[in-house]
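Dear colleague,

I am handing over the structure that we spoke about, and I would be glad if you could look through it beside these notes. The findings follow below it.

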Amino acid sequence: MMFSCAEKQEIHDQVVDRMSQGLMQDSLLEYQEYINQQYQVFAMPLPNNLTFAGEIVPLDDLLVRENLDREILVNTYWHSNTFLFQKRANRWFPIIEKILAKNNMPDDFKYLALIESGLDNVRSQAGAAGFWQFMKATGTGYDLEINNFVDERYNLEKSTEAACSYLKIAYKQFGSWSLAAASYNMGKGGLNNQLTKQEVDTYYELYLNKETSRYVYRIMAAKLILSNSENFGFNIRSSELYHPYRTYTVTVDSSISNLPQFAIKNGTNYATLRALNPWIRSFELPNYSNKTYEFKFPSGDFHVEELAKKMIEDKEDGEALFEEIKDTINILSPAIDSLKIKDTLQQKTEIE
């Protein structure tokens with residue numbers, strides 16, 4: 001009895017093979033020609049028109065164009081970082097967008113949170129914390145609880161509400177969303193001093209410290225790249241994005257002496273409890289004033305299989321909705337066509 005097995009054909013690049021054998025070490029010209037043919041990097045074109053928070057960006061100004069160009073290039077070719085931005089945005093932007101809309105805030109400010117923290121609960125060397133990078137004094141000034149047991153700068157919903165309050169006050173003071181954004185980076189007092197000294201009234205005319213002078217342009221670059229990712233060379237399948245956590249809420253208005261045991265009693269562990277509730281800062285939660293806290297717990301076992309199932313369910317729901325809409329259109333089409341014919345005949349009669 002004879003068996004035949006088709007061997008997998010490997011595709012070889014002769015130039016790469018010669019390089020691996022050390023045969024091209026002295027052939028610089030040939031090597032350079034190969035690089036020119038195989039490796040290309042493109043400068044990203046700038047848009048003809050751009051707005052930030054509904055305000056026109058003066059791209060006809062040479063300095064403005066070059067400042068924006070710099071941030072677009074930096075973030076386009078910082079691939080690992082920008083991929084993470086896009087993956088995390090899919091999970092967290094829906095929450096931020098909802099709160100911005102509720103507060104009648106421009107949707108573009110979700111990109112401010114992104115460039116502040118990368119949508120990660122980081123803490124800066126200066127002590128700023130959370131997605132919105134509030135300093136302790138500023139956070140407490142906007143009613144965020146900050147102590148050894150609780151730090152609501154890490155509570156996305158509450159810190160986003162606080163950021164909206166800050167930006168609204170800044171907008172009322174400066175009359176411009178770009179200036180309000182700049183003040184978020186350098187403070188309202190510092191920005192006001194520079195506006196007074198330089199006798200100008202827009203962000204784009206100001207000479208500022210290096211960080212703040214790049215700040216609003218970084219927000220705009222993030223907006224351009226994340227809202228048109230494929231145009232900037234980023235291709236991410238839906239399965240590779242970070243999807244919103246599936247959770248349920250447990251409300252508590254008393255002290256919890258042992259948070260790890262509290263997590264286990266609710267079907268999870270302390271690590272997952274901290275991941276879903278990063279505002280927890282200790283292993284216990286004293287609550288002598290009987291304040292109400294909401295804890296998020298995972299729905300199910302937090303397995304990848306559950307996420308895949310949810311994605312399939314969402315897809316099926318979307319397809320069902322599409323079919324329902326299509327059926328409705330098919331039902332209405334004769335009536336729509338009838339109205340079109342009637343309208344055409346009426347127009348013809350009027351012309352005659």
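Which element gives the most to the lining of the largest pocket? This is a predicted model, in which local features need pLDDT of at least 70 and side-chain atom pairs count only at pLDDT 80 or more, while totals for chains, interfaces and linings use all residues. Residues are numbered from 1 along each chain as its sequence is written, and side-chain values use heavy atoms, with hydrogens and water left out.

The answer is α4, with five residues; helices here are DSSP runs (H or I, at least four residues), as are strands (E, at least two), numbered from the N terminus. The largest pocket has a volume of about 640 Å³. A pocket is, on a 1 Å grid over the protein atoms alone, an open set of points where a 1.4 Å probe fits, with protein on both sides within 12 Å along at least five of seven lines, and lining residues have an atom within 4 Å of a point. The volume is the space filled by probe spheres set on the points, which are joined across faces, edges and corners.

Of the 30 lining residues, Trp92, Leu156, Glu157, Leu276 and Lys296 are the closest to the centre of the pocket. Two or more residues each come from α4 (79-102), α7, β3 (247-252), α12 (270-276) and β4 (293-298). By class, the lining has 16 nonpolar, six polar and eight charged residues, where Ala, Val, Leu, Ile, Met, Phe, Trp, Tyr, Cys and Pro count as nonpolar, Asp, Glu, Lys and Arg as charged, and the others, Gly among them, as polar.

Next comes the packing of the helices. α4 and α7 pack at an angle of about 40°, with their axes 10 Å apart, where axes are lines fitted to C-alpha atoms over the stretch in contact and angles run from 0 to 180 degrees between N-to-C directions. That angle makes α4 oblique to α7, because angles under 35 degrees count as roughly parallel, over 145 as roughly antiparallel, 65 to 115 as roughly perpendicular and the rest as oblique. In this packing, Trp92, Ile95, Ile96, Ile99, Leu100 and Lys102 of α4 meet Leu156, Glu157, Thr160, Glu161 and Cys164 of α7, contact meaning heavy atoms within 4.5 Å.

The axes of α7 (residues 156-174) and α8 (residues 177-186) come within 8 Å and cross at roughly 125°, so α7 is oblique to α8. Their contact has eleven nonpolar, one polar and no charged residues.

Best wishes
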